[in-house]
Amino acid sequence: MGGADALSIRHIVIRGRVQGVGYRAWTADEAVRLDLQGWVRNRRDGSGEALFAGPAERVADMIERCRGGPALARVEAIADLPADDSLMRLRQPGERFSMLPTV
């Protein structure tokens, strides 16, 4: 096993103009399009964060897409944080990908 089939879980924090510009909805749509699991939410400090789980190649593609975001967003930086499957428990029951409330 390995390569494109390897499972990857990545937790990212997105800084810049990412609130009030449809970033969460865009992220959820893109993640569903790539058949990823996880969640996205805003943070009170003005940043956003997301957890993506799926084949490593698709997760890496999603993180690259997040560097651009929707048309009105202005991404300044993305931090890639350690993650494990315990963060998956934050999803809404029955959902593959959730938009969560602000923390």
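Student: Is Phe97 buried or exposed?
Tutor: Phe97 counts as buried, because its relative accessibility is 11%; buried means under 20% relative accessible area, exposed over 50%, and partly exposed in between, with a 1.4 Å probe and protein chains only. Bear in mind that this is a predicted model, where local features need pLDDT of at least 70, side-chain atom pairs count only at pLDDT 80 or more, and totals for chains, interfaces and linings use all residues. Residues are numbered from 1 along each chain as its sequence is written, and side-chain values use heavy atoms, with hydrogens and water left out.

Student: OK. How many aromatic pairs are there in the whole structure?
Tutor: A search of the whole structure turns up two. Rings of Phe, Tyr and Trp (its six-membered ring) pair if their centres lie within 6.5 Å; planes under 30 degrees apart are stacked, over 60 edge-to-face, and the rest tilted. Tyr23 and Trp26 are both buried. The rings of Phe52 and Phe97 have centres 6.0 Å apart and planes at 15 degrees, so this pair is stacked.

Student: Where do Phe52 and Phe97 sit in the chain?
Tutor: Phe52 is in strand S3 and Phe97 in strand S5, 45 residues apart, so to speak a link between distant parts of the chain. Helices (H or I, at least four residues) and strands (E, at least two) are DSSP runs, numbered from the N terminus. Phe52 is buried too, at 0% relative accessibility.

Student: And what's the strand order in the sheet?
Tutor: S4-S1-S3-S2-S5, five strands in an open sheet with mixed pairing. Two strands pair if DSSP finds at least two bridges between them. S4 (74-81) and S5 (97-99) are at the edges with a single partner strand each, so one side of each has no neighbour in the sheet.

Student: How many bridges between S1 and S3?
Tutor: Eight, with S1 (residues 7-17) and S3 (residues 48-55) running in the antiparallel sense. Ile9, for instance, has Ala53 in S3 as its bridge partner.

Student: Which strands does H1 touch?
Tutor: Helix H1 (residues 23-33) packs on the sheet and touches S1, S2 (37-42), S3, S4 and S5, where contact means heavy atoms within 4.5 Å. Helix H2 (residues 56-66) also packs on the sheet, touching S1, S3 and S4.

Student: At what angle do H1 and H2 cross?
Tutor: Roughly 155 degrees, and their axes come within 11 Å. That makes H1 roughly antiparallel to H2: angles under 35 degrees count as roughly parallel, over 145 as roughly antiparallel, 65 to 115 as roughly perpendicular and the rest as oblique. Axes are lines fitted to C-alpha atoms, for helices over the stretch in contact, with angles from 0 to 180 degrees between N-to-C directions.

Student: Which residues meet there?
Tutor: Tyr23, Trp26, Thr27, Glu30 and Ala31 in H1 meet Met62, Arg65 and Cys66 in H2. Buried residues of H1 include Ala28, and H2 is among the elements covering the buried residues of H1.

Student: Switching topic: what does Ala6 touch?
Tutor: Gly54, Pro55 and Ala56, leaving out residues up to four places away in sequence. Ala6 lies in the segment before S1 and is partly exposed, at 26% relative accessible area.
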